[in-house]
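Thanks for making the time, everyone.

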Amino acid sequence: MNHDITTSAPWRALSSHHAQVATLHMRELFRNSPERAIAFSLEAAGLFLDYSKNRIVPETMQRLLDLARTADVEGQRDAMLAGAIINNTERRAVLHTALRRPASQALVLDGTNIMPGIAEVQRRMRGLVDALAGGHWRGYSGQRITDVVNIGIGGSHLGPCMATDALRAHHRTGLRVHYVSNVDPGDLSHTLATLHPESTLFIVVSKTFTTQETSANAQAARNWLLQSFGDGRAVASHMIAVTSNVEAAQRFGIEPANTFEMWEWVGGRYSLWSAVGLSTACAVGGDAFAEMLAGAYAMDSHFQQAPLEMNMPVALALLGVWYHNFFGAESLCVVPYDESLRHFPAYLQQLDMESNGKRVDRAGRPVQTSTGPVLWGGTGTNSQHAFFQLLHQGGRLVPLDLLVGLRNPRPIADQHDILVANCIAQAEALMRGRTLDETRREMRSSGVEEGRIEQLAPHRVFPGNRPSNLIVYPELTPRVLGALIALYEHKVFVQGAIWGLNSFDQWGVELGKQLAGTVLRELQGGAQVEHDASTAALVALYRSRREAGDAGD
Ligand code: F6P
């Protein structure tokens, strides 16, 4: 494959094609070809995607598919699913998909079938969840565990936290699940204030078991237990670990018997499906967790088997490339019309931006185009009353993904209809807009006087032609959530494959971590190190004001 995709024939063809279609308005496209509503839609793993409100014509998709073929997306996909070492900088396979694959389908890595090991961890997870829910796992003083606290950050937090919240209507075990991630002491202390040591179980989740924030919070949680029980043996009943660094967990004081294994071939931001999802399983129970895995597997099978032109993750990825690289759209806004998915945009931020926010390709050569959109968003309808103004009338092009369920597990009167109506109407408004003539006519028919019309009409014009994808699901069940997450995982993969990136490393988080260690030593009285003038002044300010007991208030 040509490493620089921007010099490929399909890329050049897309550039010329862009010049032809960029001025077309979607209103006209719908008027001339109403059948695009069906032609540009897909169904997979229980999800329906309407991508007809995009600035595309059939030729656009053909050319984008040519691009995917030139980048050998299918070959790269098959290599990932087969366990090839595609994370080349860390020399690792990328096998989060194995975690949701049926145990009967062997998958050999380095001469060993990894499926029995996965099944064994899943069996232990189920055992723990059942023991907690059934009151068989007791705290050190014999009390039943009522509260589970997940301590982790990044991929060891965002996935399980998002999924537990998303599945609120499916919580079955009676266990309350909490999340502590930030090293800001307010996070842990706020959570602990509502809990009792005798009835609390901490799950320390860290793939490396070296992450500063998680270590600090885990240590503080341990001290909280020790202060209450006055006996180190209590830790065994109140702390478990999920990690690939079993020795470090043991040094911390968590026995291998209380440690759930993670594998090197599961990336942090792809780890929700492993024991990292234990807190979610604690909330929803083992069966619902298995359903979530099954939903993801259904999407994996679709991604693996559907031809590229019918492939939902591929379609989303190609549309993203179209806007990002050819229209110059900097960001992607994700708006679930589903309050249960309120943490979904934050989860996707790590998935997308940590995976594809890179400027060199797999071989370390500069990528000749921009990669990885800035992903942001919020829930509908709240976002409509916050940032939709910019989406409708601002000067930037911001493509959107809108998500909505057909049914609500907790209906109240006609509120779900109102929610769905808003979602569909926003997609329509973004697409069609409102011309100056239409605005004037509407104002006239409402009896507004002419002078006022001339003054206000320009402010009330909507250019439209703003693209959106609409993803519809029956109801947010564990199965649907699994499929939805896997859809975005594969979409991110396809984009990384087109740009020639390694989507599975994250060297960009290293430098800040390293410098924080140096600054911390200085803040705590260590020798001063050479910095730029601004950094040196800030360190000095913190030290002097803190010593003087003045935080600047
Ligand atoms: O922020 C960098 C990162 O390495 C993420 O990729 C990861 O999800 C997070 O830190 C937490 O890492 P760990 O699970 O090793 O504590």
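Let me begin with the lining of the largest pocket, whose residues divide into 11 nonpolar, 16 polar and nine charged. Please keep in mind throughout that this is a predicted model. The volume of this largest pocket comes to about 920 Å³, and of the 36 residues that line the pocket, those closest to its centre are Thr208, Thr211, Gln506, Val509 and Lys513. As for secondary structure, at least two lining residues each are supplied by helix 9, spanning 212-229, by helix 15, spanning 344-356, and by helix 21, spanning 510-523.

The second largest pocket has a volume of about 520 Å³, and its lining is made up of 23 residues, with Asp338, Glu339, Asn408, His416 and Leu419 lying nearest the centre. Which helix contributes the largest share of that lining? That is helix 17, residues 415-432, which contributes four residues. Sorted by class, the lining of the second largest pocket holds nine nonpolar, nine polar and five charged residues.

The largest cavity contains about 170 Å³ of space, and among its 19 lining residues Leu319, Gly320, Leu332, Pro399 and Lys491 are the ones nearest its centre. Two or more lining residues come from each of helix 14 (312-327), strand 10 (331-337), strand 12 (400-405), strand 13 (468-473) and helix 20 (478-499), and helix 14 gives the most, with five residues. By class, this lining divides into 10 nonpolar, seven polar and two charged residues.

The second largest cavity, with a volume of about 50 Å³, is lined by His3, Asp4, Ile5, Asp361, Pro366, Val367, Gln368 and Trp499. Those lining residues divide into four nonpolar, two polar and two charged.

Finally, I would like to look at how two helices meet. The axes of helix 6, residues 115-133, and helix 13, residues 286-305, come within 10 Å and cross at roughly 145°. On the helix 6 side the contact involves Gln122, Met125, Arg126 and Val129, which meet Gly286, Asp287, Phe289, Ala290 and Leu293 of helix 13. Taken by class, this contact comprises five nonpolar, two polar and two charged residues.

Definitions and conventions
Residues numbered from 1 in each chain as written. Predicted model: local features only at pLDDT ≥ 70, side-chain atom pairs only at ≥ 80, totals over all residues. Heavy atoms only, no water. 1 Å grid on protein atoms, 1.4 Å probe; cavity = no way out; pocket = protein on both sides within 12 Å on 5 of 7 lines; lining within 4 Å. Points joined across faces, edges and corners; volume = space filled by probe spheres on them. Nonpolar A, V, L, I, M, F, W, Y, C, P; charged D, E, K, R; others polar. Axes fitted to C-alpha atoms, helices over the stretch in contact; angles between N-to-C directions. Contact = heavy atoms within 4.5 Å.
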